[in-house]
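User: I would like to learn how to read a few features of a protein model. Please take them one at a time.

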Amino acid sequence: MGEVGAQRLRGHSPVSVAAIDLGASSGRVMLGEVGADRLRLTAAARFANGPVRRDDGLHWDVSALHRHALDGLRSAAAAAPSALASVGIDSWAVDYGLLRDGRLLDEPFHYRDEERGAVGPGLVHAVVPPEELYARNGLQFLPFNTVYQLAADHAHPGADRLLLVPDLLAHWLTGVGVAERTNASTTGLLDLRTGAWDDDVLSRLGISRSLLADLVEPGTTIGTLLPEVGEAVGAPGLPVVAVGSHDTASAVVGVPMAGDEAAYVSLGTWGLVGLELTEPILTEEARAANFTHEGGVDGTIRFLTNVMGTWLLSETLRTWGRDDLGALLAAAADVTGEVPLFDVQDPRFVPPGDMPARIAAWCAEHDVAPPVDAASLVRSVVESLAVAYADALATAASLTGRTVRQVHVVGGGSQNALLCQALADRTGLPVVAGPVEATALGNVLVQGRAAGAISGGLDDLRALVARTQDLRRHEPREVSVP
């Protein structure tokens, strides 16, 4: 950032805030300390998350997530060096709860539910063709986008309010129901041009406008903890501040990039690969390449595509009944022969299941020799993911006319040194890995700015990340890769 940029962040007292950060496979509550020269996270709670199968399909246990969040918030309030200034919530996108008279009618469906994903797109596209839908909302086609889920959702016609997952938890904390804009942008129901709910699409699809809450921007105070909640967690009157409530929106705030020549991969269950823009690229080429325009903090656009992430590795380990990913990656690094490269975007890899068997089946169908052992299979997954990310980055550069000279990998997947090096090798570009907790950092930064502890734009916030966090650089090697 330099001395001039640093001066923008000085003259403010550090504050303590809590970040509730819910991922598709795990959740955490982080205590954040943020100020002009300080950006520190401490884990107050970590807990597992995942799909729950019921007779009618896959669901999320958001009631359990709520309990975990309250426990973590209590721990954060007790451990904070000063009284908490606020709490912010982020989570995965697209999934929602339906309420009537403020009461949740059922646990939200999981976006990986196969039946709903198979039904919804056809129902929507019969009314609004995919080309028109893209021109209006700018979203890549994903069969589990909220608009498709709603079309397939006939279980609760009496619902009077829809809240996306982070907005639902904020509602339980404050009694206030809102729609934070970055997450709302992933529903397919927001007009990209106007930034408002698309009344025409809603009407044509038979979705009542009253079902959707009012939009708010990151940095807005949603409300304060309900009295009974504040008493229970030891933080009466604590403000709940809207952050980039789509976890990728918060993660991109926490990417320590500068300038237009940097790209990012937010790597967790999914790999979100893209660039940050200020204007959309609503071309047929962008639609055909399945690139999306999702809202970012400070009015930015996350121009990215969803690529399979570490889900492949976690499901592989689950199938094997193992939890030693580090050892498997070490063994995979020693593999010197060729390994098969497979299409990680094949729909067969989306639902939970036996990934090694599915990889073997893909190889058989494509006349490719399958991996010969566990280490080779893991290396095959790593190299196939790296190829997919490299291809996506090249496409992003081509669609926007930008030159990419550096790639930032953030999130849990940034700890996978083998994958980061493979990406450097496949792109021929340096890869900067970290921070691991980019999402929680982005959450904390938006809260810190709202509290007045820091100021400035995204460049200033990211420079603070670069100055205070551990980053690792992987240079491309001029060697052949398996």
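Analyst: What follows covers a sheet, the nonpolar cores and the cysteines. This is a predicted model, in which local features need pLDDT of at least 70 and side-chain atom pairs count only at pLDDT 80 or more, while totals for chains, interfaces and linings use all residues. Residues are numbered from 1 along each chain as its sequence is written, and side-chain values use heavy atoms, with hydrogens and water left out.

User: What is the strand order in the open sheet of three strands?

Analyst: Strands are DSSP runs (E, at least two residues), numbered from the N terminus, and two of them pair if DSSP finds at least two bridges between them. Here the order is β8-β7-β9, with antiparallel pairing. β8 (103–104) and β9 (161–164) are the edge strands, each pairing on one side only. Strand β7 (residues 96–100) is joined to β8 by two bridges, and Leu-99 stands opposite Leu-104 in β8.

User: Which residues touch the most other members of the largest nonpolar core?

Analyst: In soluble globular proteins, nonpolar side chains tend to be buried together. A nonpolar core is a set of buried Ala, Val, Leu, Ile, Met, Phe, Trp, Tyr and Cys residues joined through side-chain atoms within 4.5 Å; buried means under 20% relative accessible area (1.4 Å probe, protein chains only). In the largest core, of 79 residues, they are Leu-189 and Leu-225. Helix α2 (residues 62–79) gives the largest share, seven residues. Apart from this core lies another of 54 residues, including Leu-312 and Leu-418.

User: How many disulfides does the structure hold?

Analyst: A disulfide is a pair of cysteine sulfur atoms within 2.5 Å. The structure holds zero. Cys-363 is buried at 0% relative accessible area, and Cys-420 is buried at 1%.

Technical notes. Helices (H or I, at least four residues) and strands (E, at least two) are DSSP runs, numbered from the N terminus. Buried means under 20% relative accessible area, exposed over 50%, partly exposed in between (1.4 Å probe, protein chains only).
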